[in-house]
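Try each one before reading its solution.

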Amino acid sequence: MKWMQSVYTFGACRYHSGMDTSATSFIVDSLTRAIVEHRLQPGAKLVEQKLADQFGVSRTLVRQALYRLSQNRLIKIEPARGAFVASPTADEARQVFEVRRMLEAGMVRSFVQHAKASDIKTLQTHMAQEKLAVQEGDVPGRTELLGDFHVCMAQLMHNDVLAQLLSDLISRSALITLMYQSSTAAAHSHEEHEAIVRAIKARDANAAAVLLDAHLCHVEDALNLSQYHSVTP
Ligand SMILES: [Zn+2]
């Protein structure tokens, strides 16, 4: 399998090193961390010239970084107004999880039927990376890897439409997950992924579907969306 492309931009160094200059990746990573750590609030305006001065780079590089962040919805670029940190609503996040539950229950059933032993190995390798990121408290890294687990399954089914749909859905709620998923919830997610893969390995489609559905409910509940107030720019 060709190395999967992450659904998030903030793993820039890990996944996109061949495609981008390291300066762009550095800006993408720094801005992502600033958003995760609440130093940049949802709705905050990002001024190109100011960022160029702060990072000591050209505006072109800043623009590239902002564009990359906008592709994954962490940042919204508005014509004639500029770039803003995205402010996804709790409703949007709930809708995303509802569609994911519909989509992924069918996906995991089909995966159980068609997965080769090597596919299951690939998922296990991915989980080893997840475990490391969770243990190290690497918030952007773990959010990315936990999301990628789901996309990884879609890619192993060689269904590009499914993989793209899922990437898009996951990145829609990426900002909320990044900002509101606790370390405990992340560790719990990882354990649930392990249980799902055990059911897949045992070729138990029903168990895998039930576990996946419960997992998505847990992730959504743990984000505590009722407490989430979006800020409009
Ligand atoms: Zn998950």
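This is a predicted model, so the exercises below concern its computed geometry.

**Exercise 1. Work out how β2 and β3 pair, and find bridge partners for Ile75 and Ile77.**

Step 1. Strand β2 covers residues 75-78 and strand β3 covers residues 82-85; four bridges link them in the antiparallel sense.

Step 2. Now look for the partners in β3: Ile75 is bridged to Val85, while Ile77 is bridged to Ala83.

Step 3. Three residues lie between the two strands of this hairpin, and Ala80 has a positive phi near 70 degrees.

**Exercise 2. Describe how helices α3 and α4 are arranged.**

Step 1. Two packed helices are described by the angle between their axes and the distance between the axes.

Step 2. For α3 (residues 48-55) and α4 (residues 59-71), the axes come within 9 Å and cross at roughly 110 degrees. Angles of 65 to 115 degrees count as roughly perpendicular, so α3 is roughly perpendicular to α4.

Step 3. Next, list the residues that meet: Glu48, Gln49, Leu51, Ala52 and Phe55 come from α3, and Arg59, Val62 and Arg63 come from α4. Sorted by class, this contact has four nonpolar, one polar and three charged residues.

**Exercise 3. Check the length of helix α8 and find what its buried residues pack against.**

Step 1. Helix α8 has 13 residues, 160-172. The expected span is 1.5 Å times one less than the number of residues, so α8 should span 18 Å.

Step 2. Compare this with the model: the end C-alpha atoms of α8 are 18 Å apart, which agrees.

Step 3. The buried residues of α8 are Ala163, Leu166, Ser167, Leu169, Ile170 and Ser171. Their packing partners are α5 (90-114), α7 (139-156) and α9 (174-180).

**Exercise 4. Is Leu146 buried or exposed, and which residues does Leu146 touch?**

Step 1. Locate Leu146 in helix α7.

Step 2. Leaving out residues up to four places away in sequence, Leu146 touches Glu130, Ala186, Ser189 and His190.

Step 3. For a distance, take Lys131: Lys131 and Leu146 are 15 residues apart in sequence, and their C-alpha atoms are 9.4 Å apart in space.

**Exercise 5. Step back and summarize the chain: how many helices and strands does the chain have?**

Step 1. The chain has 11 helices and three strands, running α-α-β-α-α-β-β-α-α-α-α-α-α-α from the N terminus on.

Step 2. Of its 233 residues, 39% count as buried.

Step 3. Among contacts between residues at least 6 apart in sequence, 72% join residues at least 24 apart.

Definitions and conventions. Residues are numbered from 1 along each chain as its sequence is written. This is a predicted model: local features need pLDDT of at least 70, side-chain atom pairs count only at pLDDT 80 or more; totals for chains, interfaces and linings use all residues. A residue is buried if 20 or more other C-beta atoms lie within 10 Å of its own, exposed if 12 or fewer, and partly exposed in between; C-beta atoms are placed from the backbone. Two residues are in contact if their C-beta atoms, placed from the backbone, lie within 7 Å. Two strands pair if DSSP finds at least two bridges between them. Axes are lines fitted to C-alpha atoms, for helices over the stretch in contact, and angles run from 0 to 180 degrees between N-to-C directions. Angles under 35 degrees count as roughly parallel, over 145 as roughly antiparallel, 65 to 115 as roughly perpendicular and the rest as oblique. Ala, Val, Leu, Ile, Met, Phe, Trp, Tyr, Cys and Pro count as nonpolar, Asp, Glu, Lys and Arg as charged, and the others, Gly among them, as polar.
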